[in-house]
Structures are given as structure tokens and as C-alpha cells.
Amino acid sequence: MTKTVSFPNRRRLKVSLFEKIDDLDRTGLRRTIHAVWLKRELPTIDRILFDVNADPSLPNFKRTSLYRVIKKLDFVFEKRKRCSMLTEREDLIVWRRNYLYDIRKYRAEGRSIYYLDETWLNAGDCVDRVWKDNTVLSKHDAFNKGLTTGLPNPSGKGKRLIVLHIGSKNGFLPGGLLCFISKKNTGDYHDGMNGDNFKEWFESIIPVLDPNSIIVMDNAPYYSVEQEKYPNSSWKKADILEWLISRDVVRERPLSSLLKPELLAIKKKNATTT
């Protein structure tokens, strides 16, 4: 008697969408998501889906499929620690646009443009990587072989050097280097510079610059020092009153009868008219 032997149905292994796309597409997906971050925007799944499907070099996805692929790429959707986004102040935008407009105009006029800035350097700073002789096992071994254990590491950061220089497209200005030891050992190297040091140096390099040249600098506090201290809200009322009297400010009402905000308002008006 002959019987028919039936084989069990072989189940086909289902290949996921993530396995179908190659490494090039995966890299493209990752770069697309990071491109949203570079624009200071939030990469929502709908935003990513729109950008991916709009890119002809990437395959089209459905929303659910894209979500699964992103999870496979080790992106995690988690709660943010801060509910804030990095934004740029409007006054800085205007400031930058004015700078770009002016600098293009000066270049078109053929005027020499100099840039100045300062930085710092610790006397104990050293390079991160050095050559090492691995055949020298210890100080005793080095002594027996007539060798050394290498250059010893500095014992500390040492003194802080403040460096200030100015230059143009032609290089650093000869004689424009200012380098001195800071007398303050704080976390901010700006504390080592002051208005007097900068003024003395600045006056010495002015005659060396090209005629009708432009100097570009940042807004460090010692670049612009007030010759006269003006009252502010931190001043005591008696000091504000004394300052106004010294400026021969005359009012219908006696100054002594006014409140501190009123005195500051008079100071502001008087400072803008003198």
C-alpha cells in the first residue's frame, strides 16, 4: 500500500524594512535627523518623515515604518530635561547684520582691516602626547643604562601669561605683541587685563597702522572704560545727590526732596544733554 508523505509548510522568514535598506540609506536617515537639530528645530516624527520623503536619494517611508527604523538606529524618544530652546537675541542679529554690511563696505573701499584679541597661556602647559622609551622600566633601570625616564611633567599650571596681538590679512603686526604675567589667579583670564594696560598698548600701535584703517575688536569691558562714573541703581541716594549737585543741576523742586528713582531719571536726562 502506497501512502503520500506530506512535508510541513516552511515558513518564510520575514525580512524587516530595516534589513532591506543599506548602510548608505541608514547614514542618510541619521544625517537628515541631525540636520533638523542643526537648524535649532525639534525633530518630530512628522518633520523627519517630510524631509526623508522629500529627499530623492532616500527611500519613501510610511510614518509607522519610519518610526521603527529610527528606533533601530538607536534614536530614543525621551523626556527633555529642560523645556527650553536655544534662541538668538534680536539685538545680536541686528548687530551681526550691521557688522557684515560695514565690513563689506570697508573691503570694497580698499581700507586695511585689523583684528585684535587676547588669550592666555599657563607657563606649565604642555603637549598631551610625547615619545616614551618603553625599554626603560624604572629610574634604577635608566641609571644603569645611562638613560633617562623622559621629560618630567610640570608640577602645576604655573604663572598665567596674558597675550594680546593685532593683525590683518598680511599677518601679525610687527611690534604689536603684548605679553605679560597676570597678577590675578582667577578662573577668567579677562581679569588679568585692565583698561590702563590696554590703553597704553593701544596708543603705541596706532601710529604703526595704515592710514584710515579699521580695527575690529569684541566688547571686552577693558576696551571701553568710562572716564567718569555715572550713578546707577546701586548707588546710595546721598551719592547720587552729591553727583547731581557737582554737575550744577538746577530743578524747581529741591533735589533733596526727590526720591531715588526721580534722581536717577534726572541723571539720565542730564547725561544725554551734556
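These questions and answers cover a helix pair, a loop residue and a strand in a predicted model.

User: Why is helix α3 called roughly perpendicular to helix α4?

Analyst: The axes of α3 (residues 45-54) and α4 (residues 63-72) cross at roughly 100°. Angles of 65 to 115 degrees count as roughly perpendicular, so α3 is roughly perpendicular to α4. The two axes come within 10 Å.

User: Which residues make that contact?

Analyst: From α3 come I45, D46, I48 and L49. From α4 come R63, L66, Y67 and I70. By class, six are nonpolar, two are charged and none is polar.

User: How do you know whether N212 is buried or exposed?

Analyst: Exposed means over 50% relative accessible area. N212 has 55%, so N212 is exposed. N212 sits in the loop between α7 (195-205) and β5 (214-216).

User: What makes the link between N212 and R111 a polar contact?

Analyst: Their side chains are joined at 3.0 Å. The cut-off is a pair of N or O atoms within 3.5 Å.

User: Which residues of β4 lie on the covered face, and which on the uncovered one?

Analyst: L178 and F180 form the covered face of β4 (residues 178-181). C179 and I181 form the uncovered face. In a regular strand, side chains alternate between the two faces of the sheet.

Methods
Residues numbered from 1 in each chain as written. Predicted model: local features only at pLDDT ≥ 70, side-chain atom pairs only at ≥ 80, totals over all residues. Heavy atoms only, no water. Axes fitted to C-alpha atoms, helices over the stretch in contact; angles between N-to-C directions. Helix = DSSP H or I, 4+ residues; strand = E, 2+ residues; numbered from the N terminus. Parallel < 35°, antiparallel > 145°, perpendicular 65-115°, else oblique. Contact = heavy atoms within 4.5 Å. Nonpolar A, V, L, I, M, F, W, Y, C, P; charged D, E, K, R; others polar. Buried < 20%, exposed > 50% of the residue type's maximum accessible area, 1.4 Å probe, protein only. Polar contact = N/O pair within 3.5 Å; in protein donor to acceptor, adjacent residues only side chain to side chain.
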